[in-house]
Every structure is written in C-alpha cells, then in structure tokens.
Amino acid sequence: MSHRPKWWRRLALPMSVLLLSGGLAGPARAGGPTAAVVDTARGDGAVVSFTFDDGPNPADTLRLLDVLRRRHVRAVFCLVGDQVRAHPEVVRRIAAGGHVLCNHSLHHDDLSVLTPEQIRGDLAQTSALIRQAVPHARIPYFRAPYGSWGQSPQVSAELGMQPLGWRLAISDWEPPGTEVLVQRLRDGITPGAVVLMHDGGGDRSQTVAAVDRVIPELRAQGWRFTLPRRRG
C-alpha cells in the first residue's frame, strides 16, 4: 500500500485534467504571460522539456548541472525560496549554466488555500530572493507546489510569470531506483511534453543518474530538448 500523501496524487495528473477541473485559463495582459497553465514544449514533433523542482539542493543540483552541461541540454529549475536563501551560490551556478529560473513559492506551501494578496506576497518574496542571488535575473515561469493552483495562475501572470505545468511526472519523490525512473521516462514521454522531475526535496541521485542515461537514448531516437512555451 502506498504511503504517498494525497496531494502527490494530484501531482501525477496531467495539466489538461487540472485545467478542466480548476478553470485556470484566462488572459492577464496583452502580449504578456497569461493565466493558462503551460504544459507544452516549444517546437513541433519530437520535442520535450525537462524541468526540476524543489531546489537548489547542493549535491544533487550540482551533479545535475554537470550532466546537463555534458549533454548540452537546457532545463527549467523551479526554485523554493527557503532553498534559495540557504544556497544562493547554487542558484548562481544554475543561471551561469544558461538554465531558466522558475518561482516555486517561498516555503513550498499549498497556495490554493491562500488569498490573492497572500499569494502575491509569497511569490514576490521568492522572486526577490532569487534576484538577491542573481541580480536582474529573469524569472519567466511560476509553478505551484503540488500542482495545487488555486488563484495563483492569475497572480503569477500579473507578476510577469507564466504558470508552468507538466504532462509527465515520474514520481521520483519516492526513489524507486534509477532503472525504474529511466523506464518511466522512456514509456511516458510524448511529443511536446513538459516533464516534471526533482533536484531537491531529498536524495535525488537516482533522478540525476536517470537523466544522464535517458538523454542520449532520446537523442538517438530523434528527440530534441527545448524549453516550455512562453505563454498559454
């Protein structure tokens, strides 16, 4: 029997289900981010986007950065404010590697229970911490912890961040072994998928190893690694 908390079951749902159930779509301002949750990679055909949540986490994030550098892949790192405050040097390494920064809230709380004003304060503090580590950093995306969106998509769009979802989550928060994670990636990736993985929140060495193994396999099959779409 699984001991996984109930909120993790929501995390495994694709964004299309969350959009239908939560009514998240809607414009924020012309030409800027919208409140529609993006779960699609840029480009056509065999494209995929890798995203990593809950860091920075010094040992595993740094190993992951080495893998992505060797494999010539850019990714999105969804940063938790508390972790940014503790490890600003790792945020600088992420940015220096050419990767994209994403606001993942201050404390990794469930934002669906907060008012818009409370959400705005949380996201503003998180972005400020990221910019303390990396002055003038671009933070084009926001991802809600647990996929529990509430009113956060509209707030994040007003703050200039596109809500970022996913089509595939490989459940690496309960490390099942590197081989299992590799197989989940092989079986689960579909054209245009944004993939949710973790570099923080625990020991993520299995995730790092799985990413290192699967990138050359996917490339050999003709897959291209791109970033998520800029807006919904």
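Q: What makes β1 and β8 count as paired strands?
A: Two strands pair if DSSP finds at least two bridges between them, and here 2 bridges join β1 (residues 47-55) to β8 (residues 224-225), running parallel. V47 has R224 as its bridge partner in β8. Strands here are DSSP runs of E, at least two residues, and helices are runs of H or I, at least four residues, numbered from the N terminus. Keep in mind that this is a predicted model: local features need pLDDT of at least 70, side-chain atom pairs count only at pLDDT 80 or more, and totals for chains, interfaces and linings use all residues. Residues are numbered from 1 along each chain as its sequence is written, and side-chain values use heavy atoms, leaving out hydrogens and water.

Q: How do you know that β1 is mostly covered?
A: Buried means under 20% relative accessible area, exposed over 50%, and partly exposed in between (1.4 Å probe, protein chains only). In β1, 9 of the 9 residues are buried.

Q: Why is the crossover from β1 to β2 called right-handed?
A: First, the pairing: β1 and β2 (residues 76-79) are parallel over 4 bridges, with D53 opposite C78. The chain goes from β1 through helix α3 (residues 58-71) to β2. With the strands pointing away from the viewer, a path running clockwise from the first strand over the helix to the second is right-handed, and this β-α-β crossover is right-handed.

Q: Which residues of α8 are buried?
A: In α8 (residues 178-188), they are L181, V182 and L185. They sit on the same side of α8 because their arc is only 100° around the axis, taken from the directions from the helix axis to the C-beta atoms.
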